[in-house]
Amino acid sequence: MSSRNEWSHETQAYFDGERAAAEPPPRERPGADRLLRGVTAYAASIHAPGAELDDRIMARVRERGRARAHPSMWRWLVAPQSVRVRPVVLALAASLVFLVWWRDRTAELPSAPQLAATPTVLVRFELLAPRASSVTLAGSFNEWGTEGMPLTPSATPGLWAVTVPLPVGEHEYLFLVDGAKWMADPSAQAQVDDGFGRTNSVIVVGPRGVVRS
Amino acid sequence: MRRTLAIGLAALLAAETLGAQGAPEIRARLIARGAPKSLADQVQKVVSAARRERLPTDPLADKALEGWAKRASPDRVLVAVRELHTRLGQARIAAAQAGLKPPPGGVVTAAAQALGRGMTAEDVRHLIQAAHGSRNAAAGLMVASSLAAQGFAHGVAAQAVEQTYQNGGTTSDVLELPSVTASLLARGLSRPDVGERILEGRPFRLDDSEVGSENGAVNRRALGRAADVPPGARGRSTSNPSTGRRTGP
């Protein structure tokens, strides 16, 4: 293909539409006309942009504007800001914090009622288990922990005992013998279904203690 | 506007964080005891739901810990916790219908316990109304359900508590009923006899003809009213803990 520099000035002026002012030299005329015809045909084949191009461009502009809204808020949030707050707004915010905190505190209702001025009573538990090597007490008063309240052998052979402080109220409990066998208290005030296929022993502790049986 | 919203959001977050700090996390406690995470998560969901419903959550946590301590299957633990959650909701409704608005957690817990032992919502409402005060109501419900667990008819159990209050009895007197009745039963009295004594307002005294003579003195001391016994002979504290002899294998 010929480079542009090979055309004479007259031919270049001819390409620029200055036909009247310049005529290409005869030796360049056929090539120049061929080239002009090709360019004219190519230009005619290109679909001229219509009004829809404006619409498309504006739609893209609006879309970009929306997409930038979030980054802008994020930038505002992370950038250092000088915040001016009305004292009344600050007071309202503090009140809101207190109200939600207070609501949560009161929502967490205490399940054990305060039934007595002196809430704790010492209670002695005993179990006769001559063949046991260890006995522990577990119940609603110690979250059914199996290690915290061990019974110790008493002077009476086979008798295990422990004295524990219990809050006034009702408690369910069991003995755990040798770390594996759950046993109800045979002399408990009552036995109730525990919901797991066993029975729990029940003791109700009053402020004046527990009546002997 | 944007700034106000940001301040409000920050305030809410702060408040929720503060609130969460006071809430016991049953999930962590169960996992610390070796329970599977799936169980801990499920129990936590129930507890969180109860908290949103303003129900006491300690009984739910205790039930889950109890079940896991006894090595019940996770499914069974979850069923027990969910059943208790349902009962707590029913108990709250019954307590509110009886006039306690909002019902204190202790009353709701005691009412749920009573419902779990076969008492009806009507029994619960009646007891609360008869008790005159939430502290009395919690103690009354607790004791009535304990008497029911001893085998007394629900009506007798509820009436025993009401009668004690009507006779001028205190919460301490009511709380003493289960151990007194257990002692009377252990002495050989029948349930109808014990029930009759309670309803007549004389549960604490035994005639000599009703007990063996060799144990009469001991029984009198154990079963007498607090005012009838010498100081130190009974009551709370180290000087006189419960010494009911427990027998077993």
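This is a predicted model: local features need pLDDT of at least 70, side-chain atom pairs count only at pLDDT 80 or more; totals for chains, interfaces and linings use all residues.
**Stop 1: chain B**

Chain B has 249 residues, and buried residues make up 51% of them. Now consider contacts in chain B between residues at least 6 apart in sequence: 56% of these join residues at least 24 apart. Switch to a surface view of chain B. The accessible surface comes to about 11300 Å², and 52% of that belongs to carbon and sulfur atoms.

**Stop 2: salt bridges between the chains**

Over all chains, the count of salt bridges is 15. As background, side chains of opposite charge can pair when their charged atoms come close.

Select B:R33 and A:E143 and show their side chains. The two form a salt bridge, with 3.6 Å from N to O. B:R33 sits in the loop between α2 (26-32) and α3 (37-52) of chain B, and A:E143 in the loop between β2 (135-139) and β3 (152-153) of chain A, so this pair joins two chains. Are these residues buried or partly exposed? B:R33 is partly exposed, at a relative accessible area of 30%. A:E143 is also partly exposed, at 31% relative accessibility.

Next, select B:R117 and A:E170. Their side chains meet in a salt bridge of 2.7 Å, N to O. B:R117 is in the loop between α6 (105-116) and α7 (121-131) of chain B, while A:E170 belongs to strand β5 (residues 169-177) of chain A, so this pair too joins two chains. Both B:R117 and A:E170 are buried.

**Stop 3: a salt bridge inside a helix**

Go to helix α4 (residues 58-69) of chain B and pick out B:K63 and B:E66. Their side chains form a salt bridge of 3.2 Å, N to O. How far apart are the two residues in the helix? They are 3 residues apart, which is about one helical turn. B:K63 is buried, with a relative accessible area of 14%, and B:E66 is buried with 3%.

**Stop 4: the nonpolar cores**

Hide the charged side chains and turn to the nonpolar ones. The largest nonpolar core has 87 residues, and those that touch the most other members are A:F125, A:L137, A:F175, B:L30, B:I128 and B:L141. Which helix gives this core its largest share? Helix α5 (residues 74-97) of chain B does, with 9 residues.

Centre the view on B:L30. Setting aside neighbours within four places in sequence, B:L30 is in contact with several residues, including B:A40, B:V43, B:L65 and B:W68.

A second, separate core has 6 residues, among them A:L174, A:L176, A:W182 and B:A69. Select these four to find where it lies.

**Stop 5**

Select A:L53, A:I57, A:M58 and A:V61, which make a nonpolar surface patch of about 320 Å². A:M58 counts as partly exposed, at 40% relative accessibility.

How values were computed: Residues are numbered from 1 along each chain as its sequence is written. Chains are lettered from A and ligands numbered from 1 in the order in which they are written. Side-chain values use heavy atoms; hydrogens and water are left out. A salt bridge is a side-chain nitrogen of Lys or Arg within 4 Å of a carboxyl oxygen of Asp or Glu. Helices (H or I, at least four residues) and strands (E, at least two) are DSSP runs, numbered from the N terminus. Buried means under 20% relative accessible area, exposed over 50%, partly exposed in between (1.4 Å probe, protein chains only). A nonpolar core is a set of buried Ala, Val, Leu, Ile, Met, Phe, Trp, Tyr and Cys residues joined through side-chain atoms within 4.5 Å. Contact means heavy atoms within 4.5 Å. Accessible areas come from the Shrake-Rupley method with a 1.4 Å probe; for residues, only the protein chains shown count as cover. Patches are made of residues with over 30% relative accessible area and no salt bridge: like charges are joined within 9 Å, nonpolar side chains (Val, Leu, Ile, Met, Phe, Trp, Tyr) within 5 Å.
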